[in-house]
Amino acid sequence: MEAYKKEFIEFMLDSDVLKFGDFTLKSGRKSPFFMNAGGYVTGAQLKKLGEYYAKAIVNTYGTDFDVLFGPAYKGIPLAVVTAIAMHDLYGKEVRYCSDRKEEKDHGADKGSFLGSKLQDGDRVIMIEDVTTSGKSMEETVPKVRGAANLDIVGLMVSLNRNEKGKGDKTALQEVSELYGFPCAAIVSMKEVIEYLEEAGKLDEAMKAKLNAYYEQYGAKA
């Protein structure tokens, strides 16, 4: 496992963003863990978060892209801090863009987007916190593709939960097959569990809960 992945796992735990316990997800599933990217609130945390996204994006997709697109609302700060990190770490200048939940009908920047205008020929990377159902992609991919003649290079999320989406595959696999672009994560929950087990940071009770959860909801592929 790459060093940045191990560091990111520790970072999620230190920031109290990845928690273990008993949680009810939006889908109704009872989960032994919960990840909330809204927990990154300080300048230091956001700076580090952008750097981890940037490293994962470059490691997965390279640097041949022009725009980071973050779906509203959580994707907005993610796109901004990652654009800054791309400049600071790699000297790569990329633009950020996001959609608006409500279209703005006045001023110089009216319309459905904020940040950079999407242009013909743009190579776009979508950026999100965690995809469990793919619902945000259903809303934003048509918007992005309808804005210009562009190419979506791929999607990067912070955590792949490695569980079933609507069918037997992960939500990331379903999004990839539905929209025709690759999807990746900084780390997967499988990698998180492996790392914590090796570090002796998972007790037997939590291991049993995680095993039971993945017996029921784990993706086949």
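Me: Which residues of H1 meet which residues of H6?
Reply: Lys-5, Lys-6, Ile-9, Glu-10, Met-12 and Leu-13 in H1 meet Glu-191, Val-192, Tyr-195 and Leu-196 in H6. Contact here means heavy atoms within 4.5 Å. By class, six of these residues are nonpolar, none polar and four charged; Ala, Val, Leu, Ile, Met, Phe, Trp, Tyr, Cys and Pro count as nonpolar, Asp, Glu, Lys and Arg as charged, and the others, Gly among them, as polar.

Me: What kind of model is this, and how are residues numbered?
Reply: This is a predicted model, in which local features need pLDDT of at least 70 and side-chain atom pairs count only at pLDDT 80 or more, while totals for chains, interfaces and linings use all residues. Residues are numbered from 1 along each chain as its sequence is written, and side-chain values use heavy atoms, with hydrogens and water left out.

Me: Why are H1 and H6 called roughly perpendicular?
Reply: The axes of H1 (residues 3-14) and H6 (residues 189-198) cross at roughly 85 degrees and come within 10 Å. Angles of 65 to 115 degrees count as roughly perpendicular, under 35 as roughly parallel, over 145 as roughly antiparallel and the rest as oblique. H1 and H6 are therefore roughly perpendicular to each other. Axes are lines fitted to C-alpha atoms, for helices over the stretch in contact, and angles run from 0 to 180 degrees between N-to-C directions. Helices (H or I, at least four residues) and strands (E, at least two) are DSSP runs, numbered from the N terminus.

Me: What do the buried residues of H6 pack against?
Reply: They pack against H1, strand E1 (18-24), strand E2 (30-35), E7, E8 and helix H7 (204-217). The buried residues in H6 include Met-189, Val-192 and Ile-193. Buried means under 20% relative accessible area, exposed over 50%, and partly exposed in between (1.4 Å probe, protein chains only).

Me: What makes strand E8 mostly covered?
Reply: Five of the six residues of E8 (residues 183-188) are buried. Strand E7 (residues 151-160) runs parallel to E8, and five bridges join them. Two strands pair if DSSP finds at least two bridges between them, and E7 and E8 have five. In this pairing, Met-156 stands opposite Ala-184 in E8.

Me: Why is Thr-82 called buried, and what is it in contact with?
Reply: Thr-82 has a relative accessible area of 0%, so it counts as buried. Thr-82 is found in H3 (residues 75-90). Leaving aside neighbours within four places in sequence, its contacts include Gly-50, Tyr-53, Leu-68 and Ile-127.

Me: Is His-87 buried, exposed or partly exposed, and why?
Reply: At 39% relative accessibility, His-87 counts as partly exposed. His-87 also lies in H3, and touches Lys-92 and Glu-93, not counting residues up to four places away in sequence.

Me: What makes H2 and H3 roughly perpendicular?
Reply: The axes of H2 (residues 43-61) and H3 cross at roughly 70 degrees and come within 7 Å. H2 and H3 are therefore roughly perpendicular to each other. The residues of their contact divide into twelve nonpolar, two polar and two charged.
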